[in-house]
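Have a look at the sequence and the model first.

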Amino acid sequence: MSTASYCPNTPEEVREMLAAMGAASIDDLFQPIPPGLRARSFDLPAGMSEFEMLRRFEHLAGKNAQHLAHFVGGGYYDHLIPAVVDHLSGRAEFYTAYTPYQPECSQGTLQALFEYQTAICRLTGMEVSNASLYDGGTALAEAAMMALRITGRNRLVIDGAVNPFHREVVRTYLANLDVELVEIGPKLGMEDDLRLRAAIDDATAAVLVQNPNFFGSVSDFRKLAADAHAAGALLVVSAYPVALGLIESPGAMGADVVVGDGQSLGNPLSFGGPSFGFIASRKEYIRNLPGRIIGETVDKKGQRGFVLTLQAREQHIKRHKATSNICSNQSLCALRGLIFLSSLGAQGFAELARLNYDKAEYAKKVLGSLSGVEVMNGGATFNEFTVCLPTIAEEVVTALLRKGVAAGVPLSPYYPEMERCMVVTVTEKRTREEIDTLARHLEGILCS
Amino acid sequence: MQLIYEKSVPGRRGVRLPASDVPAAPELPAALRRKEPAALPEASELDVVRHFTGLSRRNFSVDTNFYPLGSCTMKYNAKVLEEAARLFAPYHPMVPLLPHGSSFSQGCLGLAYELGAALAEITGMDEVTTQPLAGAHGEMTGIMLIAAYHEAKGNKKKYVVVPDSSHGTNPASATMVGYEIITVPTAPYGDMDLDRFREVMTDEVAAVMMTCPNTLGLFNPHIQEICDIAHDHDALMYYDGANLNAILGKVRPGDVGFDVIHLNLHKTFGTPHGGGGPGSGPVGVKKQLVPFLPSPRIVKYDDGCYGVDAPAHGSIGRTSGFFGNFGVMAKAFAYITMVGREGLIQVSEQAVLNANYVMHRLKDVYDLPYDQTCMHECVFSAARQVKSGVHAIDIAKFLIDRGYHPPTVYFPLIVKEAIMIEPTETESKETLDAFIAVMREAAELAESDPAAFAEMPRTMPVTRLDETKAAREQNVCYFGC
């Protein structure tokens with residue numbers, strides 16, 4: 001066979017199989033398809049060997065800019081990935097397995113996901129977690145739907161400082177439902193949550209916030225949580241997991257549901273996916289959590305084992321009455337997150353967060369000292385901050401891109417009134433030299 | 001096996017981080033600072049390697065076991081796909097969204113665009129979005145597109161019609177978008193009951209969601225008529241692409257009259273499923289739905305360059321963070337590039353051959369409720385074995401002991417004691433013969449010694465697990481959370 005179809009049967013075997021079932025040809029097996037329905041076209045190139053394909057792919061990858069220094073975030077972050085993450089998650093028994101529907105022969109995946117759920121609970125300060133959702137944006141949308149189910153109310157308040165992409169996903173998810181989504185516009189430099197607190201009323205199902213927010217600011221949401229709870233609403237917090245190595249957990253601040261994107265935990269940038277979304281909540285809401293949940297139990301001999309549990313919430317049993325339509329999740333990416341967290345450990349993870357914090361604080365100081373550049377965040381930030389420039393931020397970012405630096409995310413596409421501002425992200429991968437180079441280039445452009 | 005948390009030793013360390021090259025910054029205010037580090041495992045790198053290697057050995061996988069899961073297409077995944085995807089791992093998805101940034105991402109944008117074009121040709125659709133992150137996410141996106149179409153036309157629609165043999169995600173996805181579900185039963189010949197379908201079709205129906213071949217593995221010969229009836233009511237036809245592996249190059253849903261389709265790249269195009277995901281669920285549409293596609297959209301300009309279009313008026317918006325599960329898309333495109341036109345046709349031919357072979361060799365020992373030429377999968381019932389007390393789940397556990405991942409059992413819901421087998425095209429005749437022999441052995445044992453099944457599986461790290469206890473006690477987080 002000249003094509004690489006990975007079909008092993010030889011022509012002789014095909015003949016034997018057809019003979020065994022009394023068919024004359026493979027075409028006979030396609031008899032159920034009426035002739036008028038046959039494909040009108042199937043115009044695709046001929047196949048090639050893996051060597052030729054790889055050469056073509058190398059050529060394609062080469063068309064991307066090489067060696068850009070990333071000071072851009074926007075929900076995806078350029079973090080270190082220890083070698084063990086690729087090696088262990090790449091083991092075929094994890095990698096080529098399917099959803100663990102048969103628990104006895106899937107204990108590896110099931111136990112790993114139970115350990116993952118535990119790690120997410122410990123990071124977020126929550127009591128229960130599911131086994132992953134698609135990404136941070138869809139996790140926030142699922143949390144919004146969860147709050148609507150729990151409270152039976154139909155009004156949501158969302159902070160305009162939540163990642164604009166995630167807000168857009170929430171809007172898309174809710175577009176056809178009878179829900180009022182109230183977006184509270186942010187005021188740069190004012191990190192109080194009075195405007196959010198004032199927007200809560202008796203019809204509010206939840207307040208949705210992000211910590212650190214899209215501008216990089218870290219907030220204390222305790223008062224917001226108290227006000228939400230007093231009105232019978234939930235507090236949903238979207239959290240950046242690396243920040244949770246340093247900043248107080250959303251659970252300790254009073255959150256009821258915590259979501260986020262797990263990309264920064266051991267998943268490569270990969271042009272935006274795959275990553276994983278996490279969702280965790282207080283235990284009383286477990287039956288409203290979407291997606292798969294792994295539970296501990298015992299076998300007939302009393303040995304500990306793990307199973308998919310509370311499946312009666314899920315689409316394959318409940319169909320249109322399910323808590324969500326999610327079926328495949330992002331297990332392998334969640335596994336990567338667990339291996340990442342396990343290999344750094346409690347101390348290493350805290351150090352990782354500290355490195356991010358220190359480097360960004362250094363960059364904040366260096367950039368903030370440039371003439372005409374103003375750091376806009378009023379209070380504390382974590383690994384990102386917002387600067388306003390004396391000129392249009394988009395033009396500056398374009399000029400810096402040509403010098404091999406992705407300097408930041410200009411805010412004007414998402415906040416038209418902030419056309420001179422951009423968010424600068426500094427992870428542990430950015431060296432002092434790269435930060436200084438960014439500052440030098442920025443200064444050069446602003447002076448020219 | 002102990003949990004990684006139980007192996008934790010205070011003070012033990014794994015991977016080390018680079019030393020800081022900047023001065024230490026002043027502390028965060030106390031109210032914002034975490035009081036205690038999160039209680040993550042404390043382990044050496046070798047501890048971590050042994051732990052996860054140990055866990056992996058407690059799994060069945062396609063690389064280690066035959067995995068004939070009906071409705072899920074678990075085929076062999078070429079190893080080179082991973083290498084192809086890794087070439088794109090360093091690229092940040094924000095770059096093309098920066099002003100003039102798309103010229104820095106031509107490789108990634110080009111791959112996503114060309115994959116979409118190939119999928120459009122394979123399915124007979126006009127345009128494809130790669131943004132949805134899984135099949136069910138694609139379904140929801142597809143139904144949102146349909147809702148946007150009806151809203152733009154001023155149509156008042158309330159219902160989505162699904163056959164009772166459908167995947168559970170179909171009704172769940174349509175409900176997420178705010179539709180009510182009308183379920184149509186399956187007729188004795190194995191397809192949606194046409195008379196019943198005609199009765200429920202009114203102008204209030206927004207869409208009809210079909211899987212074809214359906215979850216019984218049968219191709220619906222009336223599919224064209226169903227499309228026509230739906231279109232007469234300005235309802236759109238949604239094609240669930242989960243079973244597309246059966247018809248590559250044979251039938252294109254777009255030619256038949258379907259308006260929207262989602263694809264499961266990890267099924268049809270052979271990318272690994274990772275024990276539950278990531279998947280990827282591109283959605284193809286006909287022209288009338290193009291204006292509503294999610295943003296951002298990747299486009300090709302007349303000069304051959306690729307770019308990102310500003311959100312179009314009418315777009316349903318973003319359904320996920322960026323451009324989709326790009327790593328999975330890269331693997332699927334690598335697969336399509338290697339297998340090519342003839343290879344894809346061969347995929348469906350061999351998948352259909354293998355499924356029919358298994359069906360013919362087992363139908364004298366297991367009940368076959370719908371005895372017809374099947375497509376890529378066949379559905380038996382263990383009804384005959386149940387008479388001696390042996391259920392489909394017992395046969396599944398027998399298979400585990402013999403080294404086979406069991407077929408899907410108890411689905412589709414319309415077949416009592418269903419055993420749904422999909423061998424895929426990548427399995428050889430020897431593998432199928434061996435599997436057939438073991439399935440026949442299970443049928444014999446069900447007659448000769450039904451009590452023997454109660455203790456199965458015996459060869460796994462755990463015996464049968466108490467699912468009721470798990471649901472009742474809800475231990476979903478190791479204590480101390």
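The text below covers a sheet and then a helix pair.

This is a predicted model, in which local features need pLDDT of at least 70 and side-chain atom pairs count only at pLDDT 80 or more, while totals for chains, interfaces and linings use all residues. Residues are numbered from 1 along each chain as written, chains are lettered from A and ligands numbered from 1 in the order written, and side-chain values use heavy atoms, without hydrogens and water.

Chain B holds an open sheet of seven strands with mixed pairing, in the order β1-β7-β6-β5-β4-β2-β3. Helices (H or I, at least four residues) and strands (E, at least two) are DSSP runs numbered from the N terminus, and two strands pair if DSSP finds at least two bridges between them. The edge strands, β1 and β3 of chain B, each pair on one side only.

| Element (chain B) | Residues |
|---|---|
| β1, edge strand | 127-129 |
| β3, edge strand | 180-184 |
| β5, paired with β6 | 236-240 |
| β6, paired with β5 | 260-262 |

Strands β5 and β6 of chain B run parallel over three bridges, and B:Asp240 stands opposite B:His262 in β6(B).

Now to the helices. Helix α1 of chain A packs against helix α10 of chain B at about 45°, with axes 10 Å apart. Axes are lines fitted to C-alpha atoms, for helices over the stretch in contact, and angles run from 0 to 180 degrees between N-to-C directions. A:Val14, A:Met17, A:Leu18 and A:Ala20 meet B:Gln350, B:Leu353, B:Asn354 and B:Tyr357, where contact means heavy atoms within 4.5 Å.
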